[in-house]
Amino acid sequence: MALHIHKGLLQGFIQCMYDEGFVNDQFWQLQIMKNSRNQPDYVVRVVTSYCSSAQTLFSQLTHHINQENVDFLQVKDIARELYDKSSSVGAEHVKLACAELLVACEGHDKEYCSKGLYWTKNEFAHLRRKFETLVQCRWRGRSLILKVHLEGN
């Protein structure tokens, strides 16, 4: 019974992330892939990898934007990589903020790039907290499955 309730709560949490626009249909595709591959930890691995990669890219973006002479081509390449990674996991708000950062790079506007980076980091921080909650819920679910299995034997 507890496992059934947990699954319902987890599904509701994911639906709220979708309804609030944090994630898009691509994130739902990850859920489907998890089920079709019979890999219950698939989504956890994907979002953990995404968050780790995004942190590295944010460090690089911050470094380049803080230079006296900004290499806008380099910033654009890194921002594009973050945009692509965000798109691949369905991180809608982060993707939209990255698009604005890319526009700033095209305009060679350091102040606009700084503001775009701030916005992108902010959106990522909100999403990362959601993903951390999701990962914790997934691990609790795995613990419940193990407990039910052990009690059944």
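Here are some friendly notes on this predicted model, point by point.

1. **Ground rules.** The model is predicted, so local features need pLDDT of at least 70 and side-chain atom pairs count only at pLDDT 80 or more, while totals for chains, interfaces and linings use all residues. Residues are numbered from 1 along each chain as its sequence is written, and side-chain values use heavy atoms, with hydrogens and water left out.

2. **Overall fold.** The protein has six helices and zero strands, where helices (H or I, at least four residues) and strands (E, at least two) are DSSP runs numbered from the N terminus. Along the sequence the pattern reads α-α-α-α-α-α. Of its 153 residues, 39% count as buried; buried means under 20% relative accessible area, exposed over 50%, and partly exposed in between, with a 1.4 Å probe and protein chains only. Among contacts (heavy atoms within 4.5 Å) between residues at least 6 apart in sequence, 66% join residues at least 24 apart.

3. **The core.** The largest nonpolar core contains 43 residues. Such a core is a set of buried Ala, Val, Leu, Ile, Met, Phe, Trp, Tyr and Cys residues joined through side-chain atoms within 4.5 Å. F27, Y50, L61, L127, F131 and L134 have the most contacts inside it. Two or more residues come from each of helix 1 (2–19), helix 2 (25–36), helix 3 (42–65), helix 4 (72–89), helix 5 (92–106) and helix 6 (110–152). Helix 3 gives the largest share, 12 residues. As general background, nonpolar side chains in soluble globular proteins tend to be buried together.

4. **Helix 3 and Y50.** Helix 3 has 24 residues and reaches 34 Å from its first C-alpha to its last, close to the 34 Å expected at 1.5 Å a residue; the expected span is 1.5 Å times one less than the number of residues. Its buried residues are Y42, V43, V44, V46, V47, Y50, C51, A54, L57, F58, L61 and I65.

5. **Aromatic pairs.** How many aromatic pairs are there? The count comes to five, where rings of Phe, Tyr and Trp (its six-membered ring) pair if their centres lie within 6.5 Å, and planes under 30 degrees apart count as stacked, over 60 as edge-to-face and the rest as tilted. One of them, Y18 with W28, is edge-to-face, at 5.9 Å centre to centre and 65 degrees between the planes. Y18 lies in helix 1 and W28 in helix 2, so this pair ties together parts that are 10 residues apart in sequence. Y18 is partly exposed at 28% relative accessibility, whereas W28 is buried at 18%. The rings of F27 and F131 have centres 5.7 Å apart and planes at 20 degrees, so this pair is stacked. F27 belongs to helix 2 and F131 to helix 6, so the pair ties together parts that are 104 residues apart in sequence. F27 is buried at 0% relative accessible area, and F131 is buried at 1%. F27, Y50, F58, F124 and F131 form one aromatic cluster.

6. **Helix 5 and its buried charged side chains.** Helix 5 has 15 residues and reaches 21 Å from first C-alpha to last, close to the 21 Å expected at 1.5 Å a residue. E92, V94, K95, A97, C98, L101, L102, A104 and C105 are buried there. H108, whose phi is positive, near 50 degrees, follows this helix. Is E92 buried or exposed? E92 is buried, with a relative accessible area of 18%. A polar contact of 2.5 Å joins the side chains of E92 and N24; such a contact is a pair of N or O atoms within 3.5 Å, where within protein one must be able to donate a hydrogen and the other to accept it, and residues adjacent in sequence count only if both atoms are side-chain atoms. Beyond four places in sequence, E92 touches G21, F22, V23 and N24.

7. **K95 and Y83.** K95 counts as buried at 17% relative accessibility. Setting aside neighbours within four places in sequence, K95 is in contact with N24, Y83, S86 and S87. K95 and Y83 are 12 residues apart in sequence and 5.2 Å apart in space, C-alpha to C-alpha. The charged end of R80 sits over the ring of Y83, 5.0 Å from its centre; this requires NZ of Lys or CZ of Arg within 6 Å of the ring centre and within 35 degrees of the ring normal.
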